[in-house]
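Hi there,

Here is the structure I promised to send over. Please have a look at it first, and then read on for what turned up.

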Amino acid sequence: MNIIRYPDKSEWERLSERPQLDTDKLNSTVAAILGDVRHNGDDAVRRYERQFDHATLDSLAVTSEEVDEALKAVGSDLLDAMRLAHADIAKFHSAQKFEGTKVETAPGVVCWQKSVPIEKVGLYIPGGTAPLFSTVLMLATPAVIAGCKEIVLCTPPNREGKVAPVILAAATVAGVKRVFKAGGVQAIAALAYGTQTVPKVYKIFGPGNQYVMAAKQQVSLRDVAIDMPAGPSEVCVVADETCNSVFVAADLLSQAEHGIDSQVMLVTTSEEKLQEIKEQIVAQLEQLPRREIAAKALESSHLVLVKDIDEAIGLSNVYAPEHLILATKDCEDLALRVVNAGSVFLGNYSCESAGDYASGTNHTLPTHGYARAYNGVNLDSFCRKLTFQHISAEGVKSIGPAVELMARAEHLDAHARAMQVRLNSLKPGIKEES
């Protein structure tokens with residue numbers, strides 16, 4: 001952990017830098033795998049599953065028998081927890097449904113929007129060091145609410161060729177019926193291009209490691225849409241003298257355990273709390289099964305002491321964290337000053353873990369500073385807004401002269417003529433030119 005006291009504002013950008021990887025070799029490796037799957041389909045996916053996940057697969061599709069087996073393997077308590085989380089997520093995302101309003105922008109000119117679901121979406125769920133079944137709920141629940149006709153889920157199998165039972169259980173709870181055994185870059189390629197077994201989709205959602213993120217960004221250049229650019233998980237905690245040091249340390253470690261490339265930041269106005277939180281991090285770290293991962297992440301993390309709460313929120317807005325926890329006495333007032341963050345947690349009892357699982361908000365969020373320009377996944381992420389307009393004869397008279405004049409000013413005479421012939425048709429005794 002790096003302790004920084006009273007950094008000058010000129011240092012804030014440097015403090016906000018994330019760990020960087022050399023992506024040149026990574027991108028070339030990713031491009032080669034994408035091309036292979038694009039041309040060789042299922043054969044290439046199975047080959048990479050043997051190479052990377054050490055699984056020999058006869059078929060990529062998960063069978064109904066495997067789903068039944070998974071449901072029996074998952075305890076009833078965990079299934080009930082999934083159902084509770086699913087209900088909360090559904091409640092929050094259902095409230096985001098769009099209702100378009102017709103607007104008469106000028107006499108005889110009526111414009112409106114309609115929300116239409118994306119027909120085919122792909123969900124990528126990492127396996128790796130932790131099977132993220134909660135992400136199934138976070139992505140599939142709004143996809144179902146939006147009305148997406150085809151929801152395709154890809155996730156890596158284990159060495160026995162089996163998908164983690166908790167992932168299949170979550171898929172069942174959320175209403176996903178098509179699950180395929182494919183991980184990493186090969187899964188992204190299968191979703192982007194389609195194979196003999198895996199359907200091609202129109203938009204890909206889901207987190208992953210640097211290779212998965214690079215694959216998503218590469219396929220998004222010309223083949224398929226993606227939810228957002230993203231990278232390793234991160235959290236920033238803004239704390240004052242009223243914070244609970246035990247809680248804050250636990251929150252910081254909850255993100256650090258995600259992976260060695262995760263990053264956490266504490267910004268506090270209290271020297272006393274900084275020391276308490278540092279001691280708590282050391283003590284709690286020893287109790288974690290994933291302490292080696294968390295310890296590595298902490299090497300590139302910062303504990304920052306600032307002069308006042310104004311500097312604290314200012315630094316946080318520059319950092320633009322994926323998760324922001326406001327552990328302060330005036331958290332609701334301070335929340336009004338948040339400009340850049342993926343998801344914000346107010347008060348000592350609002351742990352980031354709640355948002356990861358069951359409060360109802362979505363945990364698929366922009367990282368690496370992308371919160372300056374992107375929002376997290378929500379119901380709109382699975383929809384498109386189609387724009388409509390109806391222009392009557394009265395509308396042509398209202399806006400026609402302006403349209404014609406502007407088109408000619410841009411030297412687009414065909415544009416101008418399209419309106420001109422309509423204007424002429426409304427003038428008594430004037431015939432349209434042939």
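A word on terms to begin with: helices (H or I, at least four residues) and strands (E, at least two) are DSSP runs, numbered from the N terminus. Counted that way, the protein has 16 helices and 14 strands. Please keep in mind that this is a predicted model, where local features need pLDDT of at least 70, side-chain atom pairs count only at pLDDT 80 or more, and totals for chains, interfaces and linings use all residues. Residues are numbered from 1 along each chain as its sequence is written, and side-chain values use heavy atoms, with hydrogens and water left out.

**Overall picture**

The C-alpha trace spans about 90 × 60 × 45 Å along its principal axes. Of the 434 residues, 49% are buried; here buried means under 20% relative accessible area, exposed over 50%, and partly exposed in between (1.4 Å probe, protein chains only). Taking a contact as heavy atoms within 4.5 Å, 74% of the contacts between residues at least 6 apart in sequence join residues at least 24 apart.

The protein exposes about 20900 Å², with carbon and sulfur atoms supplying 52% of that area. Accessible areas come from the Shrake-Rupley method with a 1.4 Å probe, and for residues only the protein chains shown count as cover.

**Salt bridges**

Side chains of opposite charge can pair when their charged atoms come close. The cut-off used for a salt bridge is a side-chain nitrogen of Lys or Arg within 4 Å of a carboxyl oxygen of Asp or Glu. The whole structure contains 19 of them.

- Asp223 and Arg38 meet at 3.3 Å, N to O. This pair links distant parts of the chain, with Asp223 in the loop between α8 and β8 and Arg38 in helix α2 (residues 23-53), 185 residues apart. Asp223 counts as buried because its relative accessible area is 19%, whereas Arg38, at 40%, is partly exposed.
- Glu69 and Lys162 pair at 3.8 Å, N to O. They too link distant parts of the chain: Glu69 belongs to helix α3 (residues 64-73) and Lys162 to the loop between β5 (150-155) and α6 (165-174), 93 residues apart. Both are partly exposed, Glu69 at 49% and Lys162 at 33%. Glu69 and Lys162 also join Glu66 and Lys181 in a network of salt bridges.
- Glu299 and Lys296 have their closest N and O atoms 3.4 Å apart. Lys296 has 42% relative accessibility, so it counts as partly exposed.

**Loops and surface**

Which residues form a nonpolar patch on the surface? They are Val246, Phe247 and Tyr349, with about 340 Å² of accessible area together. Patches are made of residues with over 30% relative accessible area and no salt bridge, like charges being joined within 9 Å and nonpolar side chains (Val, Leu, Ile, Met, Phe, Trp, Tyr) within 5 Å. Tyr349 sits in the loop between β13 (343-346) and α14 (352-357) and is exposed because its relative accessibility is 73%.

Leu221, in the loop between α8 (210-219) and β8 (225-226), is also exposed, at 67%.

Finally, two backbone angles. Most residues other than glycine have a negative phi. Tyr6, in the loop between β1 (2-5) and α1 (12-15), has a positive phi near 50 degrees. His368, in the loop between α14 and β14 (383-391), has a positive phi of about 60 degrees.

Best wishes
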